[in-house]
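Subject: Structure for your review

Dear colleague,

Please find the structure below, together with its sequence. My findings follow it.

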Amino acid sequence: MLISPIQTTKHADQTRTVTYFGHQVGHYAPIRYLKSRERGWRYVSVHGQLGYASSERAAQRALMECHH
């Protein structure tokens, strides 16, 4: 059975940690914009880059892009 080198761990406070081959890449969490009430995702890489994404998958991809 093949295991993906990219792993996401969900924590009790709804934050998620992304690891790549066992090394942390960053964290992301769901948010809700105040004015529009739309949902989104805020992420921060281990290098300190902060960003926002419209979907969970987009947040994961952005973190992986920050890693390389």
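Y28 is buried, with a relative accessible area of 1%; here buried means under 20% relative accessible area, exposed over 50% and partly exposed in between, with a 1.4 Å probe and protein chains only.

Before the details, a note on provenance. This is a predicted model, in which local features need pLDDT of at least 70, side-chain atom pairs count only at pLDDT 80 or more, and totals for chains, interfaces and linings use all residues. Residues are numbered from 1 along each chain as its sequence is written, and side-chain values use heavy atoms, with hydrogens and water left out.

Y28 lies in strand β3 and W41 in strand β4, so their pair ties together parts that are 13 residues apart in sequence. Helices (H or I, at least four residues) and strands (E, at least two) are DSSP runs, numbered from the N terminus. The ring centres of Y28 and W41 are 5.6 Å apart and the planes stand at 65°, so the pair is edge-to-face. Rings of Phe, Tyr and Trp (its six-membered ring) pair if their centres lie within 6.5 Å; planes under 30 degrees apart count as stacked, over 60 as edge-to-face and the rest as tilted.

By this rule the count comes to two aromatic pairs. In the pair of Y20 and F21, the centres are 4.8 Å apart and the planes are at 70°, so this pair is edge-to-face. Y20 is partly exposed at 21% relative accessibility, whereas F21 is exposed, with a relative accessible area of 58%.

W41 is itself buried, at 14% relative accessibility. Leaving out residues up to four places away in sequence, W41 touches a set of residues including R16, Y28, I31, Y52 and A59; contact means heavy atoms within 4.5 Å.

Five strands form an open sheet in the order β1-β2-β3-β4-β5, with antiparallel pairing. Two strands pair if DSSP finds at least two bridges between them. The edge strands are β1 and β5, each of which pairs on one side only. Five bridges join β2 to β3, and R16 stands opposite Y28 in β3. Four bridges join β4 to β5, where R42 stands opposite Y52 in β5. The hairpin of β4 and β5 has four residues between the strands, and G48 takes a positive phi near 95° there.

In a regular strand the side chains alternate between the two faces of the sheet. β5 has a covered face, G51 and A53, and an uncovered one, L50 and Y52.

The helix

Helix α1 (residues 56-67) has 12 residues and reaches 17 Å from its first C-alpha to its last, close to the 16 Å expected at 1.5 Å a residue; the expected span is 1.5 Å times one less than the number of residues. The buried residues of α1 are A59, Q60, A62, L63, M64 and C66. What covers them includes β1 (6-10), β2 (16-20), β3 (23-32), β4 (39-45) and β5 (50-53).

Q60 has a relative accessible area of 15%. Leaving aside neighbours within four places in sequence, Q60 is in contact with T8 and Y28.

Yours sincerely
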